[in-house]
Amino acid sequence: MLDILIVDDSAAIRKILQRVLRQSEIPIGNIFEAADGNEAIAALKAQHIGLMLSDINMPNMNGLELLSHVKSSESWKNVPVVMVSTEGSQAKVLEAVQLGAAGYVRKPFNADEIKEKLAKFF
Amino acid sequence: MTHTDPVISHQDIVAAIRASTADVFATMLGLEITAEDMQTEPAVTAAPSSGVVSLIGLAGNWCGTGSLACTLAFACRMATHLVATPYDSVNEDVLDAAGEITNMIIGNVKTVLEEKVGPMGLSSPTVIYGRNFQTRSARIHEWIIVPFTCGEERLFVQMCLAPNPDSRSRNGNKGTLRAGFQVPQVLTG
């Protein structure tokens, strides 16, 4: 079972992703939430996170900055990070992949898309 | 030196708004929504209105604002469908949902338009709500308004987009832009 961190400045999206994860057959442990990159770093320090879902456009520290930070950290570089964002251009997706994103889901999304992307990590 | 700048037409914006709004409502809210004919609004208007208006800024070689406007009741309905939790009055969750729906609609419009004019940044949404508030549209450029119906309710997705004068001035062109937003005066409640 993996503990998951959901990072998005929208409380609505965090609730939706929580619901999708809990209603799936994915063996999930605890689900933690963060509203921006800074809160995500604090959660990573405090918890043993096994997988992250992160938005890109967020205040304080955006999702790509967070991704870069996570991938350059000895403690967290192996934590898979799946981006969940309205940013859908090829350039942005490529940027995320080059920074080390393990997957990319465009908003709007349905439950099956999330489950499909996460299945390979379990 | 002359060069041809890429241009976004009204048709480009309207098509992107219609497709994006339908996609968001079908995928995330499970609601059927029907687009009406596009309107343009060049006039500066000021009259009492009520409801929820959510604004989001775009900036790049082109810049401007996108917005979503609806009644308080419809904002509650959208939040209820988005988060699968009943809301019968406006609260933080309803406003957050309105902001996120705006983010998804305008964000996807941005992705389509970026293919023509290059990358644009997207701001965090600002959501305004209340009863009997007055607005002023400090604008130079025309607003494109795409109304939608969803059952008995109406939703207005609007966009004002123009070439960025800062981007053009680097090429020796002059331009001015004043940002403003238009609140549809049909919002009453």
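Predicted model: local features only at pLDDT ≥ 70, side-chain atom pairs only at ≥ 80, totals over all residues.
Q: How do you know that the peptide bond between A:K107 and A:P108 is cis?
A: Its omega is about 0 degrees, and the bond is cis. Most peptide bonds, by contrast, are trans. A:P108 belongs to the loop between β5 and α5 of chain A.

Q: Why are α1(A) and α3(B) called roughly perpendicular?
A: Helix α1 (residues 11-23) of chain A and helix α3 (residues 92-117) of chain B pack at an angle of about 90 degrees, with their axes 8 Å apart. Angles of 65 to 115 degrees count as roughly perpendicular, and therefore α1(A) is roughly perpendicular to α3(B). Where they meet, A:A11, A:A12 and A:I13 in α1(A) face B:D93, B:D96, B:A97 and B:E100 in α3(B). By class, this helix contact has 4 nonpolar, no polar and 3 charged residues.

Q: Which element gives the largest share of the side of chain B that touches chain A?
A: The contact as a whole takes 21 residues from chain B and 18 from chain A. On the chain B side, α3(B) supplies the largest share, with 11 residues.

Q: What makes β2 and β5 of chain A the edges of the sheet?
A: The open sheet of chain A has 5 strands in the order β2-β1-β3-β4-β5, with parallel pairing. β2 and β5 each have a single partner strand, so one side of each is left without a neighbour in the sheet. From one strand to the next, the twist averages 20 degrees.

Q: How do you know that β3(A) pairs with β4(A)?
A: Two strands pair if there are at least two bridges between them. β3 (residues 51-54) and β4(A) are joined by 3 bridges, so they pair, and they run parallel. In this pairing, A:S54 stands opposite A:M83. The chain passes from β3(A) through helix α3 (residues 63-71) of chain A to β4(A), and this β-α-β crossover is right-handed.

Q: How many bridges join β4(A) to β5 (residues 103-106) of chain A?
A: There are 4, and the strands run parallel. A:S85 has A:R106 in β5(A) as its bridge partner. Here the β-α-β crossover goes through helix α4 (residues 90-99) of chain A, and it is right-handed.

Q: Why is β4(A) described as mostly covered?
A: Of its 5 residues (81-85), 4 are buried. Helix α5 (residues 111-119) of chain A lies across β4 and β5 of chain A, running at about 180 degrees to β5(A).

Terms used. Residues numbered from 1 in each chain as written. Chains lettered and ligands numbered in written order. Axes fitted to C-alpha atoms, helices over the stretch in contact; angles between N-to-C directions. Helix = DSSP H or I, 4+ residues; strand = E, 2+ residues; numbered from the N terminus. Parallel < 35°, antiparallel > 145°, perpendicular 65-115°, else oblique. Contact = placed C-beta atoms within 7 Å. Nonpolar A, V, L, I, M, F, W, Y, C, P; charged D, E, K, R; others polar. Buried ≥ 20, exposed ≤ 12 C-beta atoms within 10 Å, placed from the backbone. Right-handed = clockwise from strand over helix to strand, strands pointing away.
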